[in-house]
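Me: I have a structure open and have not looked at it before. Can you walk me through it?
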Amino acid sequence: MTQQQNKVQWIYSSQNEAELEQRYDQWAKDYDQDLGQDFGWIGPQIAANILARFVQPDRRILDAGAGTGLVGEVLAQQGFHNLVAMDLSRGMLEEARRKKVYQQLHQMKLGGPLDFSTGEFDAVISVGVLTLGHAPASSLDELVRITKPGGYIVFTLRPDIYETGGFKEQQQALEAQGAWKLVEASEQFQPLPKGEPDVYHQVWVYQVTR
Ligand SMILES: C[S@@+](CC[C@H](N)C(=O)[O-])C[C@H]1O[C@@H](n2cnc3c(N)ncnc32)[C@H](O)[C@@H]1O
């Protein structure tokens with residue numbers, strides 16, 4: 001087992017949110033090298049490319065669980081310049097700040113109320129965050145609230161977690177309530193082709209309807 005695989009398991013073995021935050025704080029400086037370079041993490045590129053098909057570059061976008069800012073970096077390369085980052089980990093946000101692609105950065109937690117106004121964003125993107133031990137399915141309620149009617153919410157999910165982590169029920173409930181409608185669910189892809197070839201992700205795209 002490589003050191004990086006240990007690092008991912010170490011993150012996933014966090015016993016609670018405080019420990020998760022602390023571990024991301026500690027990982028922050030090496031994250032881009034470990035996950036981005038060594039594991040071949042392509043989630044940010046794939047999800048950002050999908051978002052860019054639906055949202056104009058001048059729109060205000062929240063990167064929810066922005067981490068070190070890999071998603072913001074890809075969006076900035078595509079001309080997006082009205083980007084806001086939020087994340088649980090201050091250490092990760094400090095790395096994101098260095099990328100100079102976000103207008104604002106906020107330490108905040110998905111899963112509870114968010115300190116953003118209703119309809120504040122034209123779109124939300126969340127990559128590698130909605131998953132077990134990280135942000136729960138209930139986080140989606142607040143993401144819908146802070147997105148304008150007609151705006152988009154784009155996020156990655158593991159297909160197994162979609163089924164077992166409460167996401168399927170939550171996503172369908174929001175649709176049944178008329179809060180959003182499904183626009184697209186991508187093909188499954190390997191987000192970590194070099195480091196974890198057995199892991200798959202899907203990108204979900206919803207449009208907020210109220
Ligand atoms: C695997 S990283 C993904 C970071 C970035 N989106 C990317 O694609 O590289 C997961 C991020 O989610 C953050 N996170 C975990 N649980 C969270 C929560 N409940 N609220 C906000 N951020 C959370 C972590 O601090 C970490 O930065």
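**Core, ligand and helices**

Reply: The largest nonpolar core has 62 residues, where a nonpolar core is a set of buried Ala, Val, Leu, Ile, Met, Phe, Trp, Tyr and Cys residues joined through C-beta atoms within 7 Å. Those with the most contacts inside this core are Ala47, Val71, Ala85, Ile125, Ile153 and Val154. A residue is buried if 20 or more other C-beta atoms, placed from the backbone, lie within 10 Å of its own, exposed if 12 or fewer, and partly exposed in between. This is a predicted model: local features need pLDDT of at least 70, side-chain atom pairs count only at pLDDT 80 or more, and totals for chains, interfaces and linings use all residues. Residues are numbered from 1 along each chain as its sequence is written.

Me: What does Ala47 touch?
Reply: Leaving out residues up to four places away in sequence, Ala47 touches Val71, Ile125, Val127, Val154, Thr156 and Val203. Contact is C-beta atoms, placed from the backbone, within 7 Å.

Me: Moving on, how many residues surround the ligand?
Reply: There are 21, and the closest are Gly65, Gly67, Leu88, Leu110 and Gly128. The cut-off is a C-beta atom, placed from the backbone, within 6 Å of the molecule.

Me: Which helices supply residues of that shell?
Reply: H2, H3 (43-54) and H4 (70-77) each supply at least two. Helices (H or I, at least four residues) and strands (E, at least two) are DSSP runs, numbered from the N terminus.

Me: Is H4 mostly covered or mostly open?
Reply: Mostly covered, with six of its eight residues buried. Those are Leu70, Val71, Gly72, Glu73, Val74 and Leu75. Their cover includes H2, H3, H5 and the strands S1 (61-64), S2 (83-87) and S4 (121-126). After H4 comes Gly79, with a positive phi near 95°.

Me: How do H2 and H5 cross?
Reply: The axes of H2 (residues 17-38) and H5 (residues 90-98) come within 6 Å and cross at roughly 25°. Axes are lines fitted to C-alpha atoms, for helices over the stretch in contact, and angles run from 0 to 180 degrees between N-to-C directions. H2 and H5 are therefore roughly parallel, the label for angles under 35 degrees.

Me: Which residues make the contact?
Reply: From H2, Tyr24, Asp25, Gln26, Ala28, Lys29 and Tyr31; from H5, Arg90, Gly91, Met92, Glu94 and Glu95.

Conventions: Parallel < 35°, antiparallel > 145°, perpendicular 65-115°, else oblique. Contact = placed C-beta atoms within 7 Å.
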